[in-house]
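Subject: Structure for your review

Dear colleague,

Please find the structure below, together with its sequence.

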Protein chains: 2
Amino acid sequence: MMGCGVGKSGKGERSVRIGELSRRSGVSVATIKFYVREGLLPPGELTSPNQASYDSGHERRLKLIRALLDVGGLSLSAIGDVLRTIDDPAQPVHHVLGVAAKRITAIEGSEPGPELDDAREEVAELLERRGWRVEARSPAGEALAGVLAALRRAGHGGFCELLDDYASAAEPVARADLDYVGRRVAREDLVESVVVGTVLGEAMFSALRRLAHVDASARAYGGEQGERDGGG
Amino acid sequence: MMGCGVGKSGKGERSVRIGELSRRSGVSVATIKFYVREGLLPPGELTSPNQASYDSGHERRLKLIRALLDVGGLSLSAIGDVLRTIDDPAQPVHHVLGVAAKRITAIEGSEPGPELDDAREEVAELLERRGWRVEARSPAGEALAGVLAALRRAGHGGFCELLDDYASAAEPVARADLDYVGRRVAREDLVESVVVGTVLGEAMFSALRRLAHVDASARAYGGEQGERDGGG
DNA sequence: GATTATGGATAGTGAGACTCTCCGCTATCC
DNA sequence: GGATAGCGGAGAGTCTCACTATCCATAATC
């Protein structure tokens, strides 16, 4: 496993040793070694029994790992899954999206109960209502049902009323994502875009939503003059 | 600290011992004890040196903790911060939103560099362009800058082109959130709604976005007949 | 009156993400 | 050609997090 698709470098490309790779990526040598041991990063090419060289593919991969870890909040094992899927040329692109998406949210099982059954029903109705061509029991559907059930259990079932407002906002975002991804040509780029878009796009929207909260809150409750509030 | 605002029970209300609280909430007795020790849950009212009773406020609080933990993905220490803010009647509501929001995203610092400065600039321009009344250096603004910088570093700076699409989607979502929150009357309810809305709303949008991805992908690449795909 | 549950305290666990140390070897500078 | 810094590889150690287990003396329940 591993080791495919990472370095499309020929032979004349600039290749470096681990210290320089560390400096360029901002990841400590010890951590790079650790990632290699864990199979997240392919080992460098040995030039002698204890000397290896790393190329720009390693650097890129390393930055991807850090982005998924720090910004996307994925676990290393989730990142491993995602990277293995990226590197497997046999995987269809929509499957990559599936793996990336599945590993984002924790929501494991979301313990069963009547709320969960109701929530599943509600998800099915939503999909019907909006004409989305998705199985209600798909991972994303289950995740949504889990959230709805949790809202109900926490005594905030009323929040589910916003489902359609949220869905209306999610549609154009998804279209924009697909459109962005569709502009890639090479499979490798495309597939990485899917992952980055899914994971970091989430963080991006999240930050924007909070900015919009602060703005909306300032408009609703704040002064009329252009005063600003750093609250969120 | 703690212990205020949780049980608005009078005296005639149904109060139970820890075993029953555990059964109702689905949280083990050992874990409930642990939460009490950690200050996340106020202790039960002692009826004798080693006997205490818990009311519906405890049950509600417990379910809130589990929702924030399991669905929202907050850490216990973040949950502690949030709960303390909820329980402090002196905290203005927008500050609660700030605390809830700040603790969602990890993004600590997002190591500095030219990308981060550029990203901050880009955030400021976005805010200007959209007329959002928010400080660019607010926590949410910094989070966004961190995401943009990470995208650039990962070699996917092109994704930043979607910023305005995302912002356009975030606006109505934020309005819907505020509108929902605004319908609450009691401070306690209001403040809890803010937290739940911020944290679980994020999970809800995330699931919807993924559902919309699957749908959009099916439309773009899938068959014309109503075939469905459970891929994401 | 035996069994089970309870409150409170201390200690232990297992996963996750590193970080440290050691080894014998290699590259590099003077 | 010798000192010194860096290297690859492996194992063990560390720190945080979210629990979980154990113990004890007392209380509730059958």
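The notes below take up chain A and then the interface.

This is a predicted model, in which local features need pLDDT of at least 70 and side-chain atom pairs count only at pLDDT 80 or more, while totals for chains, interfaces and linings use all residues. Residues are numbered from 1 along each chain as its sequence is written, chains are lettered from A in the order in which they are written, and side-chain values use heavy atoms, without hydrogens and water.

Chain A has 9 helices and 2 strands (DSSP runs of H or I, at least four residues, and of E, at least two, numbered from the N terminus). Of its 232 residues, 51% are buried, that is, under 20% relative accessible area with a 1.4 Å probe, protein chains only.

The contact (heavy atoms within 4.5 Å) involves 92 residues of chain A and 93 residues of chain B. Across this interface there are 6 salt bridges, each a side-chain nitrogen of Lys or Arg within 4 Å of a carboxyl oxygen of Asp or Glu. One salt bridge joins R183(A) and E161(B), with the closest N and O atoms 3.1 Å apart. On the side of chain A that touches chain B, helices supplying at least two residues each include helix 3 (56-71) and helix 9 (187-221). Helix 9 of chain A gives the largest share of that side, 27 residues.

Yours sincerely,
A colleague

Note on methods:
Buried < 20%, exposed > 50% of the residue type's maximum accessible area, 1.4 Å probe, protein only.
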